[in-house]
Amino acid sequence: MRSVEEQQARVAAAAVAPRPVRVAIAESQGLMCAEEVVTERPMPGFDQAAIDGYAVRSVDVLSVGDGAGEISLPVMGAIEAGARTPSRLQPRQAARVQTGAPMPTLADAVLPLRWTDGGESRVRILRSVRSGAYVRRTGDDVQPGDVAVRAGTIIGPAQVGLLAAVGRDRVLVHPRPRLCVMCVGGELVDVSRSPGTGQVYDVNSYALAAAGRDAGAEVNRVGIISTDPRELRETVEGQVNRNEIVVIAGAVGGAAAESVRTVLAELGEMEVARIAMHPGSVQGFGQLGRDRVPVFLLPANPVSALVVFEVMVRPLIRLSLGKRQPMRRVVKARTLAPISSVAGRTGYLRGQLMRDQDTGEYLVQALGGAPGASTHLLATLAEANCLVVIPSEVDEVRTGETVDVAFLAQRG
């Protein structure tokens, strides 16, 4: 029986990030930048007012408050944001400016409106202002040659805004890996139909497709596929040629799974093995097609399939996205009730993670992890916000003991 870590290493070795592509910045959010975005012009590109007020020469208002009496200046006009006609300020003059308006020549400061009487033809000055106050100088944010967004940066709202600010409408990114999800099983029907005797809804293709999107993949949910050898080969071969990762649920265990594996073996290397984990110990992994695309064979049980996806498939998606840390965040938590696990296998049990408001300590309540409880209840997985990770050498965890807990996606 192979350890979880050994299987994860085999899977990680097959990770191949899709070639970087250039996309519109509006489509780049959440993706990793694949280039050093170097600015070609300063930002801002001109001296501009940082606040509504009056552009002045600071030397003209230095005496305010020094006992020299009231100071008022003639207003030579108003300059709006976006104004394209250059203007020049004469000594002992002021110009009304909007936020973002270009500063007139000779002006070196902006008097906020609240420091004046707001006059239109002549303004009374209530306070002095230092040189450079409330002015955004050319290149204050970015100078030509500066790196605005570095390669390896995950592009978020701030990076999208910065790309727009430096005049970039497209950017080179690592695209989302394309993931195909399909399932086999004579008992399966799609949710659009009513199941007959002995039939069940296809849960896996919907649940695993959602898990793939949550991990960051571009997902193609094929759904239920035929196990006829010729049709199966055509379907799998076609999906292998157009995706970076393929997942087939229901392809381990049983006679139908044997026929599936026989067909897949014609397309490349495929191995079904027992992994020292539960649930989902029996699983398959291989690389098919001319491009050796990673293909996973998952159990038919939805809980087992989702757990194997979380432990094996999700990290591969994250690696393909260029993430440096492909695994979920793990914290230590104190158990609120006993937990049983399977000796010799790493347990991945559903749980609800909480935090003590007084101490800040993490607390965890296992769902379905009590002695004698089933590990295959989908309803409890839907209630879980974490996976409790029990080491392979442990079969019982007592109340109050500390365990590792992996965060799942936040709900709400």
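Okay, housekeeping. Since the model is predicted, local features need pLDDT of at least 70, side-chain atom pairs count only at pLDDT 80 or more, and totals for chains, interfaces and linings use all residues. Residues are numbered from 1 along each chain as its sequence is written, and side-chain values use heavy atoms, with hydrogens and water left out.

Let's start with the sheet. Strands here are DSSP runs of E with at least two residues, helices are runs of H or I with at least four, and both are numbered from the N terminus. Two strands pair if DSSP finds at least two bridges between them.

Now walk across from E8. Strand E5, residues 53–56, pairs with E8 in the antiparallel sense over four bridges, and Ala-55 stands opposite Val-110 in E8. E5 is also joined to strand E7, residues 94–97, by three bridges, and those two run antiparallel. Next comes strand E6, residues 71–79, which pairs with E7 in the parallel sense, again over three bridges. Have a look at Val-97 in E7: it is the bridge partner of Gly-53, and Val-97 is the bridge partner of Ile-79 too.

On to the helices. H3 (residues 204–215) and H6 (residues 302–320) pack at about 30 degrees, with axes 10 Å apart. Axes are lines fitted to C-alpha atoms, for helices over the stretch in contact, and angles run from 0 to 180 degrees between N-to-C directions. That makes H3 roughly parallel to H6, a label for angles under 35 degrees.

Who touches whom, with contact meaning heavy atoms within 4.5 Å? On the H3 side, the residues include Leu-208 and Asp-214, and on the H6 side, they include Phe-309 and Arg-314.

Last stop, aromatics. A search of the whole structure finds three pairs; rings of Phe, Tyr and Trp (its six-membered ring) pair if their centres lie within 6.5 Å. Phe-285 and Phe-296 have ring centres 4.9 Å apart and planes at 50 degrees, so this pair is tilted, with under 30 degrees counting as stacked and over 60 as edge-to-face. Phe-285 is in strand E20 (residues 282–288) and Phe-296 in strand E21 (residues 293–298), 11 residues apart.

Methods:
Angles under 35 degrees count as roughly parallel, over 145 as roughly antiparallel, 65 to 115 as roughly perpendicular and the rest as oblique. Contact means heavy atoms within 4.5 Å.
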